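Here's a quick walk through one protein model, with an eye on a pocket, a helix and some charged pairs. Have the viewer open as you read.

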Amino acid sequence: MSTNLQTKKVLVIEDDAQIRDLIAKVVSGMDLSPIQESTIEGGLKIAASNKPDLVILDLGLVDGDGIEFITGYRAWSSNPILVLSARIVEHEKVKALDAGADDYLTKPFGTAELMARLRVLLRRQNKAESNTPKFIFGDIEVDLSSRKVSKANEEVRLSKTEYQLLNVLLLNQGRVVTHRQLLKEVWGGQHTEDSHYLRIYMGHLRQKLEDDPAKPKYLLTETGIGYRLDI
């Protein structure tokens, strides 16, 4: 286990004690330090005092909607939030992600998938803390300082829009970015409903960067919600 993970603290906000204990055991098994809480109010207080590196959050809590926690937490922290909820409808997921959550996993969940999502979010945080403009995944290299993209040591020419789209996904690596967020960042606030733009330009990026564009490894679709760069 990486030493980067050994001191990380994970705040688990879940009002079902059995599920909360299960999540805490999974977190402990990753050499992370779990902190347990069952309410929004208590979670915000613990977050302020303990400054967790990552938060796992249920939405249906006894003292309100978990969205309230996301809104309050995002006022002062950019550390990742993984929503773990029984709400399965797409608009609930989009609502949580638009409020500032980084990823969304529905119940019932598999512990292996939970661990994989946590590793991705923590890698993303470590990358952000390293403050480097260079990203390398597979045989792809992106240098944001020089705006150069290469694959297998060959330069890849991207249009301005393709580069902007890739840039937003890189800066949110591991996080699900909603259609609305991507359209606003790349095309501007007047195009937040033009999701066909994304299908076209994501197709271009996959053609240029993925080994098999029909089965992308890095530029992943979150059906009905948005896209995620998994590196």
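What volume does the second largest pocket have? It comes to about 260 Å³, and keep in mind that the whole model is predicted.

The lining of this second largest pocket is made up of Asp98, Asn167, Val168, Leu171, Asn172, Arg175, Val177, Arg180, Gln181, Lys184 and Glu185. Two elements, α7 (160-171) and α8 (179-186), each give two or more residues to that lining. The top contributor is α8, with four residues. Sorted by class, you get five charged, three polar and three nonpolar residues.

Now for helix α5, which spans residues 90-99. Its buried residues are Glu92, Lys93, Ala96 and Leu97. They sit on the same side of α5, because they cover an arc of only 130 degrees around the axis. The general rule behind such a pattern is that an α-helix has 3.6 residues a turn, so residues three or four places apart point the same way. As for what covers the buried residues of α5, the list includes α4 (66-74), β6 (81-85), β7 (103-106), β12 (177-178) and also α8. Just past the end of α5, Gly100 has a positive phi of about 130 degrees.

On to the charged pairs. How many salt bridges turn up in a search of the whole structure? The search finds 15, and here are some of them:

| Salt bridge | N to O distance |
|---|---|
| Glu113 and Arg117 | 2.7 Å |
| Lys151 and Asp211 | 2.7 Å |
| Glu222 and Arg228 | 3.0 Å |

Take Glu113 and Arg117 to begin with. Both belong to helix α6 (residues 111-130), and because they are four residues apart there, about one helical turn separates them. Glu113 is partly exposed at 37% relative accessibility, while Arg117 is buried, with a relative accessible area of 14%.

The salt bridge between Lys151 and Asp211 ties together distant parts of the chain, 60 residues apart. Lys151 belongs to strand β10 (residues 148-151), and Asp211 lies in the loop between α9 (195-209) and β13 (219-222). Is Lys151 buried or exposed? Its relative accessible area is 17%, so Lys151 falls under the 20% cut-off and counts as buried. Asp211, at 70% relative accessibility, is exposed.

With Glu222 and Arg228, both partners are buried. Finally, there's a network of salt bridges to look up in the viewer: it links Glu14, Asp58 and Lys107.

Definitions and conventions: Residues numbered from 1 in each chain as written. Predicted model: local features only at pLDDT ≥ 70, side-chain atom pairs only at ≥ 80, totals over all residues. Heavy atoms only, no water. 1 Å grid on protein atoms, 1.4 Å probe; cavity = no way out; pocket = protein on both sides within 12 Å on 5 of 7 lines; lining within 4 Å. Points joined across faces, edges and corners; volume = space filled by probe spheres on them. Nonpolar A, V, L, I, M, F, W, Y, C, P; charged D, E, K, R; others polar. Buried < 20%, exposed > 50% of the residue type's maximum accessible area, 1.4 Å probe, protein only. Arc of directions from axis to C-beta. Contact = heavy atoms within 4.5 Å. Salt bridge = Lys/Arg side-chain N within 4 Å of Asp/Glu carboxyl O.
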